[in-house]
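Please read the following briefing alongside the sequence and the coordinates. It goes from the overall fold to charge pairs and then to individual residues.

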Amino acid sequence: MTRSTASPAFSARSGALLLLAVLVLAGGSGPVDAAEARTGRALASDGMQSSGTVGNENAKIGEVWYFALPVPDNTSSRPIEITDVALKRIPAGIEVLGYGAYHLEDTGGLPLLARDDGGPHTPDFGKLKNYALEPVKVEAGESSDIFYLAKLRITAPPKETARWCRFDYRQADRAYSQTTDCEVALTVAKST
């Protein structure tokens, strides 16, 4: 029988260092740090939401609207995990109240633009599971069943559209950020 000659203090210290090294090499799956992110190309840049403007010409100050960002379509050969999304250009007059991620089956399809008034065509997002609370995985070569949306409040007549959707994601332990085209125009109707 062989007896270990290492002291208990040395063994504990070595074990702690080994654990730290494993954790560093494994990498995290937290939010993408903009400074470390590379420009991504895994998501499709064409599609229904990248080829036009969604909008409403009769919006009112104080109204809240839900705008669906492009459905993530992973055209690469490796899975991705989306960690964050955002509209890049938010004009004066529009306030972003938050972002959410919802399953297409739960919402009865993709609501491109819906007013938060409890109407028959607006899902009750408050009662649905919000998948944005953890990274959303999109398999290689697949379109996600989870879509993201921005909750927007009109605070004044916007002078331009809200545009460009940023997706932050991890792929093969690397952080990426990719911007896709999307645009929403909420025009405040002039009172007569």
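How many helices and strands make up the secondary structure of the chain? The chain comes to two helices and 10 strands, where helices (H or I, at least four residues) and strands (E, at least two) are DSSP runs numbered from the N terminus. This is a predicted model, in which local features need pLDDT of at least 70 and side-chain atom pairs count only at pLDDT 80 or more, while totals for chains, interfaces and linings use all residues. Residues are numbered from 1 along each chain as its sequence is written, and side-chain values use heavy atoms, with hydrogens and water left out.

**Overall fold and surface**

- Read along the sequence, the secondary structure follows the pattern α-β-β-β-β-β-α-β-β-β-β-β.
- Of the 192 residues in the chain, 35% count as buried; buried means under 20% relative accessible area, exposed means over 50%, and partly exposed lies in between (1.4 Å probe, protein chains only).
- Among the contacts in the chain with a separation of 6 or more, 83% are between residues 24 or more positions apart, a contact meaning heavy atoms within 4.5 Å.
- The accessible surface of the chain comes to about 11,500 Å², and 51% of this surface belongs to carbon and sulfur atoms; the areas come from the Shrake-Rupley method with a 1.4 Å probe, and for residues only the protein chains shown count as cover.

**Salt bridges**

- Side chains of opposite charge can pair when their charged atoms come close.
- A search of the whole structure finds 10 salt bridges, each defined as a side-chain nitrogen of Lys or Arg within 4 Å of a carboxyl oxygen of Asp or Glu.
- One of them joins R163 to D181, with the closest N and O atoms 3.0 Å apart. This pair links distant parts of the chain, since R163 belongs to strand β9 and D181 to strand β10, 18 residues apart. R163 is partly exposed at a relative accessible area of 22%, and D181 is likewise partly exposed at 24%.
- R166 and D168 also meet through their side chains in a salt bridge (3.1 Å, N to O), and D168 counts as buried because its relative accessible area is 6%.
- The side chains of K137 and E139 form a salt bridge at 3.8 Å, N to O, and E139 is partly exposed with a relative accessible area of 42%.
- A network of salt bridges links E63, R115 and D117.

**A patch of negative charge**

- E105, D106, E142 and D145 gather on the surface in a patch of negative charge. Patches are made of residues with over 30% relative accessible area and no salt bridge, like charges being joined within 9 Å and nonpolar side chains (Val, Leu, Ile, Met, Phe, Trp, Tyr) within 5 Å.

**Backbone angles**

- Most residues other than glycine have a negative phi.
- W164, which is not a glycine, has a positive phi of about 65°; W164 lies in strand β9 (residues 162–171) and is partly exposed at 35% relative accessibility.
- D173 is not a glycine either and has a positive phi of about 65°; D173 lies in the loop between β9 and β10 (174–188) and counts as exposed at 63% relative accessibility.

**Pairs of residues apart in sequence**

- A86 lies in strand β4 (residues 80–89) and counts as buried because its relative accessibility is 11%. Which residues does A86 touch, not counting those up to four places away in sequence? They are Y99, W164, C165 and R166. The C-alpha atoms of A86 and R166 are separated by 5.2 Å, although the two residues are 80 residues apart along the chain.
- G108, in the loop between α2 and β6 (113–115), is exposed at 74% relative accessibility. The C-alpha atoms of G108 and P123, 15 residues apart along the chain, are separated by 8.0 Å.
- K159 lies in the loop between β8 (146–154) and β9 and is exposed, with a relative accessible area of 80%. K159 and V188 are 29 residues apart in sequence and 9.7 Å apart in space, C-alpha to C-alpha.

How values were computed
Lys and Arg count as positive and Asp and Glu as negative; His and the chain ends are not counted. The place of a charge is taken as NZ of Lys, CZ of Arg, CG of Asp or CD of Glu.
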